[in-house]
Amino acid sequence: MAETRHTKVLIIGSGPAGYTAGVYASRAMLEPILVQGIEPGGQLTTTTEVENWPGDTEVQGPDLMVRMQDHAKAMGCEIIGDIIISLDTTVRPFVARGDSGTTYTADAVILATGARAKWLGLPSEEAYKGFGVSACATCDGFFYRGQEIVVIGGGNTAVEEALFLTNFASKVTLIHRRDNLRAEKILQERLFKNPKIETLWFHALEEVVGEDNPKGVTAVRVKHVDTGAITEIPCKGVFVAIGHAPANELVKDVLELHNGGYVTVKPGSTETSIPGIFAAGDLTDHKYRQAVTSAGMGCMAALDAERFLAGHQG
Ligand code: FAD
Ligand code: NAP
């Protein structure tokens, strides 16, 4: 028979935001339930070295996430392998339904479902992900010191990544499918002034070219969108920056959103537009999108939930 579980705090998501919320909510004796979702451990399980997690000069992403899971569990957080398929925010307690058939009722909910970088969907892009193809300059730029890099996209992210990558690369080529950038003018100015950056207009990535031993990228083949002419550009790194999609499916019709789908929280807090629903990590954050900032927001969400529940007792 389908089970119903009640908890004071339901945490949805098992990335740095979710597990940190689990640690703090457990230590506040809230006996939280954390539902892991389809990707236990979140985005960091898809990468290798993480070099900007404080306290670890270098740590493998999947190892770090196992440690976070163990930490949350040790503090008393119940961790469940399930996927939340719907969340009813109109009733109290809130009602979440799991793919397993379990129903979760909760006095407060912490949403920590993260975001996903968008990819072009090319087989060669997939083949070299983590071996020269990346969607995170902050994470991987350091590995391309003195190398040539290409960035795909024309929005704020692409331009910011191109600018950031000039700290490491000998040359950055920004490849965009039009001759007009979506990025803010001030960023465009910086881009055009930077002697290390070249722009290639009206081109789309056709193929990432690489070798297998050792596995790595050697070039990209790009296609002119009008003429179809193919050009090969030598490079060691390919940064795909064509946008991010926050995982907002559970709440996109009921919560306030910003910047194309990120959950809006009150400044300096994790409170959403519905009292008792808190949001943390990449789901709310179009700007920083880092493990440490997500973890920080996970902490804030648990403290905010604790305060909210204290105000609703009795
Ligand atoms: P995520 O890590 O995205 O986790 C989201 C969680 O929500 C997942 O566990 C998922 O299963 C769960 N979920 C989603 N929907 C549901 C649902 N319906 N029901 C239940 N659960 C659900 N940052 C750094 O600071 N340093 C780095 O070196 C670094 N490298 C990166 C490398 C790569 C390849 C990528 C993709 C990202 C990297 N990042 C890095 C960014 C970092 O991973 C993210 O900022 C961080 O993971 C966001 O944490 P989060 O907890 O908000 O969400
Ligand atoms: P974005 O603004 O949606 O831009 C995506 C870019 O990628 C566009 O230039 C788009 O081209 C291109 N693109 C999309 N799909 C493509 C495809 N299949 N092939 C080739 N190119 C493709 O995404 P973003 O830059 O990640 O920004 C997302 C949001 O976060 C925005 O609201 C942005 O302002 C915000 N943001 C803000 C900051 C900041 O404030 N500093 C930093 C980063 C992001 P077209 O232009 O032709 O559509």
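Predicted model: local features only at pLDDT ≥ 70, side-chain atom pairs only at ≥ 80, totals over all residues.

Q: Which residues come nearest to ligand 1?
A: Ser14, Glu39, Gln43, Asn52 and Ala291 do, out of 33 residues around ligand 1.

Q: What backbone contacts are there?
A: A backbone N or O atom of Ile84 sits 2.9 Å from a nitrogen atom of ligand 1. A polar backbone atom of Ile38 is 3.3 Å from a ligand 1 oxygen. Ala112 also has a backbone N or O atom 3.3 Å from an oxygen atom of ligand 1.

Q: How much of ligand 1 does the protein cover?
A: On its own, ligand 1 has 990 Å² of accessible area, and the protein covers 92% of that.

Q: Which elements give two or more residues to its shell?
A: α1 (16-27), β9 (115-117) and α7 (291-311).

Q: And ligand 2, which residues are closest there?
A: Asn156, Thr157, Glu160, Arg178 and Arg182, among 17 that surround ligand 2. By class, the shell has three nonpolar, nine polar and five charged residues.

Q: Which polar side-chain atoms contact ligand 2?
A: One belongs to Asn156, 2.8 Å from a ligand 2 oxygen. Arg178 has a side-chain N or O atom 2.7 Å from an oxygen atom of ligand 2. The protein buries 76% of the 910 Å² that ligand 2 exposes when taken alone.

Q: Switching topic: what forms the nonpolar surface patch?
A: Ile38, Ile83 and Ile85, with about 310 Å² of accessible area together.

Q: Where is Ile83?
A: In the loop between β5 (78-80) and β6 (84-88). Ile83 is partly exposed, at 32% relative accessible area.

Conventions
Residues numbered from 1 in each chain as written. Chains lettered and ligands numbered in written order. Heavy atoms only, no water. Near = heavy atom within 4 Å. Polar contact = N/O pair within 3.5 Å; in protein donor to acceptor, adjacent residues only side chain to side chain. Areas by Shrake-Rupley, 256 points an atom, 1.4 Å probe, with all protein chains shown as cover. Nonpolar A, V, L, I, M, F, W, Y, C, P; charged D, E, K, R; others polar. Patch = residues over 30% accessible without salt bridge, like charges linked within 9 Å, V, L, I, M, F, W, Y side chains within 5 Å. Salt bridge = Lys/Arg side-chain N within 4 Å of Asp/Glu carboxyl O. Helix = DSSP H or I, 4+ residues; strand = E, 2+ residues; numbered from the N terminus. Buried < 20%, exposed > 50% of the residue type's maximum accessible area, 1.4 Å probe, protein only.
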